[in-house]
Amino acid sequence: EVFYSAHVLFIHPKNIYTVVFSLRDWFGTKMKHKQEEAYLEFWFKSIYTYAKGAHVIIVGTHLDALRTENLQNDINQCGLAISKLAARVFGDELSGTISICQHAFGVGPSRNSLSF
């Protein structure tokens with residue numbers, strides 16, 4: 001949190017931003033879900049305030065840690081919730097759509113993620 005105030009120095013509309021969040025926490029306890037949602041909202045608002053029109057890639061990590069019976073439905077619900085959050089923050093400035101792409105890549109024991 002100490003460095004959050006310095007981020008405005010690097011935010012620019014011509015940049016492409018990657019906002020990363022944990023799917024494990026999103027689907028965890030209610031408190032962890034609210035924290036992840038607040039985290040996404042904070043970054044969406046920062047990008048909207050200081051870099052209107054910039055492109056944003058949203059990545060959900062730890063897909064392999066999810067052990068739900070209806071994983072695809074949960075992923076779709078997550079995408080819908082993030083779409084609503086983005087629409088609430090960006091309003092009329094929101095262009096394009098949110099597409100869900102499942103990827104398995106990276107380094108280390110947890111190599112699966114979602115890109116929205």
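This report describes a predicted model of a single chain, from its overall make-up to selected residues.

## Overall make-up

The chain has 116 residues, and 29% of them are buried. Its secondary structure consists of three helices and four strands. Read from the N terminus, these elements follow the order β-α-α-β-α-β-β.

The accessible surface amounts to about 7700 Å², and carbon and sulfur atoms supply 55% of that area. Among contacts in the chain with a separation of 6 or more, 68% are between residues 24 or more positions apart.

## Helices α2 and α3

Helix α2 covers residues 30-50, and helix α3 covers residues 71-90. The axes of α2 and α3 come within 10 Å, with a crossing angle of roughly 35°. This crossing is right-handed.

On the α2 side, the residues that meet α3 are Glu37, Leu40, Glu41, Phe44, Lys45 and Tyr48. Their partners on the α3 side are Ile82, Leu85, Ala86, Arg88, Val89 and Phe90.

Glu37 belongs to helix α2 and is partly exposed, at 21% relative accessible area. Leaving out residues up to four places away in sequence, Glu37 touches Trp26, Leu85 and Arg88. Glu37 and Leu85 are 48 residues apart along the chain, yet their C-alpha atoms are separated by 8.3 Å.

## Salt bridges

Side chains of opposite charge can pair when their charged atoms come close. The model contains two salt bridges, counted with a cut-off of 4 Å between a side-chain nitrogen of Lys or Arg and a carboxyl oxygen of Asp or Glu. Glu41 takes part in a salt bridge with Lys45, where the closest N and O atoms lie 3.1 Å apart. Glu41 and Lys45 are separated by about one helical turn, because they are four residues apart in helix α2. Lys45 has 43% relative accessibility, so this residue counts as partly exposed.

Arg88 also forms a salt bridge with Glu41, at 3.7 Å from N to O. Arg88 is in helix α3 and Glu41 is in helix α2, so this pair ties together parts that are 47 residues apart in sequence. Arg88 counts as exposed because its relative accessibility is 53%, and the limit for that class is over 50%.

## A nonpolar surface patch

Four residues, Val8, Leu9, Phe10 and Tyr50, form a nonpolar patch on the surface. Together they have about 460 Å² of accessible area.

Tyr50 is located in helix α2. With a relative accessibility of 45%, Tyr50 counts as partly exposed.

## Strand β1 and residue Thr18

Strand β1 spans residues 16-22, and Thr18 is part of it. When neighbours within four places in sequence are left aside, Thr18 is in contact with Ile57 and Val59. The C-alpha atoms of Thr18 and Ile58 are separated by 5.7 Å, although the two residues are 40 residues apart along the chain. Strand β2 covers residues 55-61.

His62 sits in the loop between β2 and α3. The phi angle of His62 is near 65°, which is a positive value in a residue other than glycine. At 21% relative accessibility, His62 counts as partly exposed.

Asp74 is found in helix α3. Its relative accessible area is 19%, so Asp74 is buried; the limit for that class is under 20%. Not counting residues up to four places away in sequence, Asp74 touches Phe27 and Thr68.

Technical notes:
Residues are numbered from 1 along each chain as its sequence is written. This is a predicted model: local features need pLDDT of at least 70, side-chain atom pairs count only at pLDDT 80 or more; totals for chains, interfaces and linings use all residues. Side-chain values use heavy atoms; hydrogens and water are left out. Helices (H or I, at least four residues) and strands (E, at least two) are DSSP runs, numbered from the N terminus. Buried means under 20% relative accessible area, exposed over 50%, partly exposed in between (1.4 Å probe, protein chains only). Patches are made of residues with over 30% relative accessible area and no salt bridge: like charges are joined within 9 Å, nonpolar side chains (Val, Leu, Ile, Met, Phe, Trp, Tyr) within 5 Å. Accessible areas come from the Shrake-Rupley method with a 1.4 Å probe; for residues, only the protein chains shown count as cover. Axes are lines fitted to C-alpha atoms, for helices over the stretch in contact, and angles run from 0 to 180 degrees between N-to-C directions. A crossing is left-handed if the near helix is turned anticlockwise from the far one by less than a right angle, and right-handed if clockwise. Contact means heavy atoms within 4.5 Å.
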